[in-house]
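Trainee: I would like to learn how to read a protein model. Could you take me through one, feature by feature?

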Amino acid sequence: LEGHRYEIVSAVASQTGAYILTASVDTTAKLWKTESGECVQTLLGHVAPLRGAEFSPDCGMALTAAEDVTAKLWNLTSGDCMWTYSG
């Protein structure tokens, strides 16, 4: 998968296997089509390197976590950040 500027720290497959969600130290998460390797969504908004990402059970949302102890909930259809949590 080409598209992240720096190392990928997390990669998870959707329940159906149709998509892969990656998280990178470049502060972005990306959604990829498994078959083609095409990036279909880039999630922008974190200011610190990411440490992980997970799909929601229905694969409609994703949760990302960063080194600055923030987590973001994303709508994967629009790419919009729905909530930001900090702790």
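Trainee: How many helices and how many strands are there in the protein?

Mentor: A word on the source first. This is a predicted model: local features need pLDDT of at least 70, side-chain atom pairs count only at pLDDT 80 or more, and totals for chains, interfaces and linings use all residues. Residues are numbered from 1 along each chain as its sequence is written, and side-chain values use heavy atoms, with hydrogens and water left out. Now the elements. Helices (H or I, at least four residues) and strands (E, at least two) are DSSP runs, numbered from the N terminus. The protein has zero helices and eight strands. Along the sequence, the pattern reads β-β-β-β-β-β-β-β.

Trainee: What order do the strands have in the open sheet of four?

Mentor: Start with pairing. Two strands pair if DSSP finds at least two bridges between them. Here the order is β5-β6-β7-β8, and the pairing is antiparallel. The edge strands, β5 (50–55) and β8 (81–86), each pair on one side only. On average, neighbouring strands of this sheet are turned by 15° against each other, direction ignored. The axes behind that angle are lines fitted to C-alpha atoms, for helices over the stretch in contact, and angles run from 0 to 180 degrees between N-to-C directions.

Trainee: Which residues have the most contacts inside the largest nonpolar core?

Mentor: The general idea: in soluble globular proteins, nonpolar side chains tend to be buried together. A nonpolar core is a set of buried Ala, Val, Leu, Ile, Met, Phe, Trp, Tyr and Cys residues joined through side-chain atoms within 4.5 Å. Buried means under 20% relative accessible area, exposed over 50%, partly exposed in between (1.4 Å probe, protein chains only). The largest core here has 14 residues. Those with the most contacts inside it are Leu 21, Ala 29, Leu 43, Leu 50, Phe 55 and Leu 76. β2 (19–24), β3 (29–33), β5 and β6 each give two or more residues to this core. The largest share, three residues, comes from β5.

Trainee: What is Leu 43 in contact with, leaving aside its neighbours within four places in sequence?

Mentor: Contact means heavy atoms within 4.5 Å. The partners of Leu 43 include Leu 21, Ala 29, Trp 74, Leu 76 and Gly 79.

Mentor: Side chains of opposite charge can pair when their charged atoms come close. A salt bridge is a side-chain nitrogen of Lys or Arg within 4 Å of a carboxyl oxygen of Asp or Glu. The structure holds two. In one, Lys 33 meets Glu 38, with the closest N and O atoms 3.9 Å apart. Lys 33 is partly exposed at 35% relative accessibility, and Glu 38 is partly exposed at 42%. Glu 67 and Arg 51 also form a salt bridge (2.2 Å, N to O). Glu 67 lies in the loop between β6 and β7 and Arg 51 in β5, so the pair ties together parts that are 16 residues apart in sequence.
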